[in-house]
Structure formats: structure tokens, C-alpha cells
Amino acid sequence: MSLEVGQRVRVAAREHPGHHRTPGYLKGRVGTVERCHGSFTNPETRAYGDSGLPEKALYLVRFDNGVPVYADIFEHWLEAE
Amino acid sequence: MSHDHDGHDHEHQHEPIGHDSEPPSAARARALEELLVEKGVITREDVRLGIDWLVSRSPADGARLVARAWIDPAFKERLLDDARVAALEVGLDPGPSPKVAAVENTDDVHHMVVCTLCSCYPRGLLGPPPAWYKSLPYRSRAVSEPRAVLAEFGLELDPEVELRVLDSTADVRYLVLPRRPDGTEGMTEDELAALVTRDSMIGVAQPLAPAAV
């Protein structure tokens, strides 16, 4: 999956047992892709001794939380709106 | 109490010496270290070198980058494009983080940085994070009422200025490039660096005014 800068995306609202880097307060929220940082190893598997491969694309996403909040979200947590 | 062991008698006023007062997190870290050393994954020397490296970093490193960016527009572009590359260029070690991004404060936009999940921080350029940065109140309130948080730090942001909160949730570490203070024209790079505080590079304060130095 490749997302474009400016694209509207929704953060998956799913539960995830174990380590992950998607903050709860942003799950289910809609935001706008601001930047693609490139690809990084997957912390959800790397945290348990795995290589973390394949790498996942990491996006800076802008959310309106009353004030703009920008957070880095991995591609497998984002759905195109 | 007084008791007798091994054939001698003395007053025992103290608690047995041990790890009883150790916080649970410290005990866990110590147990993990013991285990990793025992299994040959790391050595004591690795741990010592890692700690030495971390505490040898300080906000003065980040301040050098900021001061250089204030006087050299081409360097500023490189810093905003890839802060790791810019840091290496001036002989600084940006640390093990895969990516460090600088974000620029201007007359119209102010950035502040938080890690709501833990304590992600550009340690290679600023040293260890302050205790408040790791505290639950800062981590939760920075994304829900950031202007109130800034006011408590003494920063009353003009309502016209757009405040952007950066939650460093993953592999990228954020360094704020503060706005250059007024009245600093003609100052040298070293003089400018002295105005750049740690908090101004987290975005919870402005740099010092030139009269304050």
C-alpha cells in the first residue's frame, strides 16, 4: 500500500495484544498524510526477537485534536478514507 | 535487636543490606541485565559504554545545530531535510535512532514534542530527557491541552500562532528548531548557541533573549 501526501486516512480501531506503536487515542481517528518517512522494521514483531522484516512504511499523519497533533503511524494501521 | 551469630554478639540496628528498597522497574532492569550478561548477549562493558555515551550527550550539542542553522540558510535546509546528516556534518553523533527530523518554528507556527507512548527523545543530540518529559501528566496533557501546558512552562503563545504537537510514536525523533530571537543580529555562532535551551528544542519554551546571557 502506498499513500499520497494529502490523502485522508483512518487509523484502524482494532485491538492489538502485545507491543505496538499506535496510540489508543488515535485509533479510529481520521487524519491527513503529511509526509512519508520511508520504511522501518515492524516493532510489533521486532519486540519479540524477530527481525521485524518486511519493513513497513511509516507516515506522519496530521489529526485535528482541537489543536493539530501529528503522529507517526505504520502503514498497516492506516486505511484510505 | 541484639543477637548472636557466628559466635559474636553485636547490636543490629540496620536492615539487612540488599535490594529491598529498589523500585520494581530498577529490579526488572537489573534482572534483565544479569540474564543478558549470563547468556553472553551483552557484556558489562557494553552496558557501561552505553551509559557513558548517553550521559556524555547534552543540549549543547543540539544548540550547536540550531545556532548554525540560524546563521547558515543552506545548513538549515539540510537540517530540516535530514537532521542526522546535518549533525554528522558538524561532527556530532546523532545516536542510534534511525531518523531524526528537525521542525522549524516560525512567526506563524510553533511545534512542541511529546512521546505519549513512552519517552522517545532525540537523546543523541539532547542527552537524556528531563523527568517531566517522561511523566504521565505531560504525556497525556501535551496532546489534549497543549496551550495550558505551555502556559505552565511560562510560554504564553499568541492565539494567532498555530500550535502543532508532534507525538513521536515510532522510529523518528523530533528536534525543534526554535525561532531566532529578535535583537540577535550580528551575534556569533557561539553566542547564539548560548541562547538555545533544552526546553526550546522540545518546544515548551522560547530561546533566551540576548539580554539574558
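Chain B is divided into domain 1 (21–56) and domain 2 (58–212), with bounds that come from an automatic or database domain assignment. The centres of domain 1 of chain B and domain 2 of chain B, taken over C-alpha atoms, are separated by 30 Å. The model is a predicted one, in which local features need pLDDT of at least 70 and side-chain atom pairs count only at pLDDT 80 or more, while totals for chains, interfaces and linings use all residues. Residues are numbered from 1 along each chain as its sequence is written, and chains are lettered from A and ligands numbered from 1 in the order in which they are written.

Seven strands form an open sheet with mixed pairing, in the order 5(A)-1(A)-2(A)-3(A)-4(A)-5(B)-4(B). Here strands (E, at least two residues) and helices (H or I, at least four) are DSSP runs, numbered from the N terminus, and two strands pair if DSSP finds at least two bridges between them. Strand 5 (78–80) of chain A and strand 4 (109–114) of chain B stand at the edges with a single partner strand each, so one side of each is left without a neighbour in the sheet. On average, neighbouring strands of this sheet are turned by 35 degrees against each other, direction ignored; axes are lines fitted to C-alpha atoms, for helices over the stretch in contact, and angles run from 0 to 180 degrees between N-to-C directions.

Within chain A, strand 1 (residues 8–11) and strand 2 (residues 30–40) run antiparallel and are joined by three bridges. Arg8(A) stands opposite Thr32(A) in strand 2 of chain A. Strand 2 of chain A is also joined to strand 3 (residues 56–65) of chain A, by seven bridges in the antiparallel sense, and Phe40(A) faces Lys56(A) in that pairing. Leading up to strand 3 of chain A is a loop from helix 1 (43–46), and Pro54(A) lies in this loop. The peptide bond joining Leu53(A) and Pro54(A) is cis, with omega about 0 degrees.

Strand 3 of chain A pairs antiparallel with strand 4 (residues 67–74) of chain A over eight bridges. Asp64(A) has Pro68(A) of strand 4 of chain A as its bridge partner, and Arg62(A) stands opposite Tyr70(A). The hairpin of these two strands has one residue between them, and Gly66(A) takes a positive phi near 90 degrees.

The sheet then passes from one chain to the other. Strand 4 of chain A pairs in the parallel sense with strand 5 (residues 162–167) of chain B over three bridges, with Val69(A) opposite Val165(B). The contact between the chains takes 15 residues from chain A and 16 residues from chain B, where residues are in contact if their C-beta atoms, placed from the backbone, lie within 7 Å. Strand 2, strand 3 and strand 4 of chain A each supply at least two residues of the side of chain A that touches chain B, and strand 4 of chain A gives the most, with eight residues. By class, this side of chain A has 11 nonpolar, two polar and two charged residues; Ala, Val, Leu, Ile, Met, Phe, Trp, Tyr, Cys and Pro count as nonpolar, Asp, Glu, Lys and Arg as charged, and the others, Gly among them, as polar.

The axes of helix 3 (residues 59–71) of chain B and helix 4 (residues 73–81) of chain B come within 6 Å and cross at roughly 130 degrees. That makes helix 3 of chain B oblique to helix 4 of chain B, given that angles under 35 degrees count as roughly parallel, over 145 as roughly antiparallel, 65 to 115 as roughly perpendicular and the rest as oblique. Helix 3 of chain B contributes Leu65(B), Arg68(B) and Ala69(B) to the contact, and helix 4 of chain B contributes Phe75(B), Lys76(B) and Leu79(B).

Terms used
Contact = placed C-beta atoms within 7 Å.
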